[in-house]
Amino acid sequence: MSVLLTAAQMRAAEHAGMASGAVSGAELMERAGQGVVAALLKTWPNSEVAARRAIVLCGPGNNGGDGFVIARLLHQRDWQVELFLLGDSSRLPADARLNHDRWNALGKVGALPFDAPPRLSGGEGVVIDALFGTGLTRGLGAEVAPILARFEAAGYADWHRVAVDLPSGLCADSGRVLAAGDSPAAVFRADLTVSFHSAKPGHFLAQGPEVCGALEVVDIGLAAASFAEAAELVTDPGLPLGKRGGHKFDHGHALILSGGFGRTGAARLAARAALRIGAGLVTLAVPGAAQMEVAAQITALMMRRVETAEALAQLLEDRRLNAVCLGPGLGIERARMLVPEALRAGRATVLDADALSAFAGDPEALFTALHADCVLTPHGGEFARLFPDLARHLAGPLQSGPGFSRIDAARAAAARAGCTVLLKGPDTVIAAPDGTVCVHAAAYGRAAPWLATAGAGDVLAGLICGLLARGAGAYQAARAAAFLHVEAARCIGPGLIAEDLPEALPAVLRGLGA
Ligand SMILES: NC(=O)C1=CN([C@@H]2O[C@H](COP(=O)(O)OP(=O)(O)OC[C@H]3O[C@@H](n4cnc5c(N)ncnc54)[C@H](OP(=O)(O)O)[C@@H]3O)[C@@H](O)[C@H]2O)[C@@H](O)CC1
Ligand SMILES: Nc1ncnc2c1ncn2[C@@H]1O[C@H](COP(=O)(O)OP(=O)(O)O)[C@@H](O)[C@H]1O
Ligand SMILES: [K+]
């Protein structure tokens, strides 16, 4: 299992490693520098031959210390290296100071900020950002921001840009770029970020993927420390998805509530996803006026007429209907009428879209009715309607680090709601009320920008409902669905529309050996 370590957790892992006597700070720094150089040469094998020139920007802490190691290792490979330090070398922490002195025996230490940008003779090269890493506590101010701006300018277009641990300016915990007063938030925009031991939440959340470029995590010989509160990075479905025989009723019966005439598409998408992910049976509950519309467009799906809360209660007397989904295309009025009844029935329940927005004025009424087998699947707007204080905390400029993150927001929301919350986005976060949390990022090698298309969220709600019907727990169903949703999108690629997602599931499941 991959975990994402916050700045504080990373410091604790480092201290534990050093306190055990297994490794010293200087050894960790040496391995960090070696890791960056190895990743750089792996990414741009030609640069070793063709360019062999680097500008290294070092900061006042241990991130700067890594920079001194990198400068020395590149120099030993006959690279032309220019190094610049922000701050006073006499105030560097011990390991960084040691590596400063080792570098100083080989080359010069220029001062930052510099008056004119350095110009190593001709052509392209590599800029190494070793200004700030996990110790960044505030936005890059007037002293530092212009240094980064120099390398955005013409003349460096052909240069490769490598960030050590994190691009300077990016908050390790939240993936947000820190602001300094009223100045525009400044950040180093990397082509490659090389981090150590474990990825940080900031590499995957918010602006992280956009400013990190590619991400490499290198081993620096720290033992795997276990932090109960650390977020998991989702890289697999986490559930057995195959069917091992049995009758269709052994695989559950999902009930998807549909909206009225002309608004049934969203529920049909969700229903088809629930069926494709393996629910034994799936029924659409439809108001009378929409019956003809739905009947004309379904085959394996079933349909029942549900006009009122009483009709829903009556239908749910059939205990075989073991998972319910409300929200996609449901309509606010119909949601207000049906959600309380569905929750009273106590089935595993997914609430999405209108089923969430219906409670915008009174989220407490929803929280009181929810139970532990529920999953809420808000996008950012729906999240703000139910949890306005948490959404406000996430929005707006971040003035000091470590910053409030989508992990913090989803975790607080799940505790308040008393059920699983899946906060949607390219950086989807899933949290359970006990604080268990995971991040499913459609980023780097798993980017799926084609998912930003109408109806994609309806399919996700249907996937979760189908997995609930099959007997998965709320958190596990949400986690697996987020993974499968992106796998399906990646299977189709550009041109994807929401209808394609359920149809891609057989290939995805086959690929997973289900
Ligand atoms: N953990 C590990 O296992 C390993 C860690 N390693 C490396 O150490 C890095 C962490 O080092 P770190 O803790 O010294 O913090 P770092 O990021 O260098 O910055 C702190 C300095 O910056 C300053 N400062 C902050 N914000 C500022 C601003 N906006 N503008 C100006 N100044 C600002 C801050 O000043 P202060 O806030 O105290 O005033 C302080 O002086 C980590 O990212 C990794 O690269 C590796 O060597 C291998 C093993
Ligand atoms: N750029 C993106 N990369 C990856 N996934 C995305 C992206 N944009 C949206 N998604 C995903 O697509 C789905 C969109 O859901 P939602 O916002 O409810 O849209 P709709 O209501 O149209 O279905 C969510 O699961 C979200 O995580
Ligand atoms: K950095």
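Two strands count as paired if DSSP finds at least two bridges between them. Strands themselves are DSSP runs of E with at least two residues, helices are runs of H or I with at least four, and both are numbered from the N terminus.

Before you click around: this is a predicted model, where local features need pLDDT of at least 70, side-chain atom pairs count only at pLDDT 80 or more, and totals for chains, interfaces and linings use all residues. Residues are numbered from 1 along each chain as its sequence is written, while chains are lettered from A and ligands numbered from 1 in the order in which they are written.

**Stop one: β7 and β8.** Select residues 192-196, which is strand β7; β7 pairs with β8 in the parallel sense over 5 bridges. Now pick out Ser195 and look across to Val217, its bridge partner in β8.

**Stop two: the whole sheet.** Zoom out to an open sheet of 7 strands, paired in parallel, in the order β4-β3-β2-β5-β6-β7-β8. Colour 110-112 (β4) and 214-218 (β8): these are the edge strands, each pairing on one side only.

**Stop three: the domains.** Select 2-228 for domain 1, then 248-394 plus 403-511 for domain 2; such bounds come from an automatic or database domain assignment. The centres of the two domains, taken over C-alpha atoms, are 41 Å apart.

**Stop four: where they touch.**
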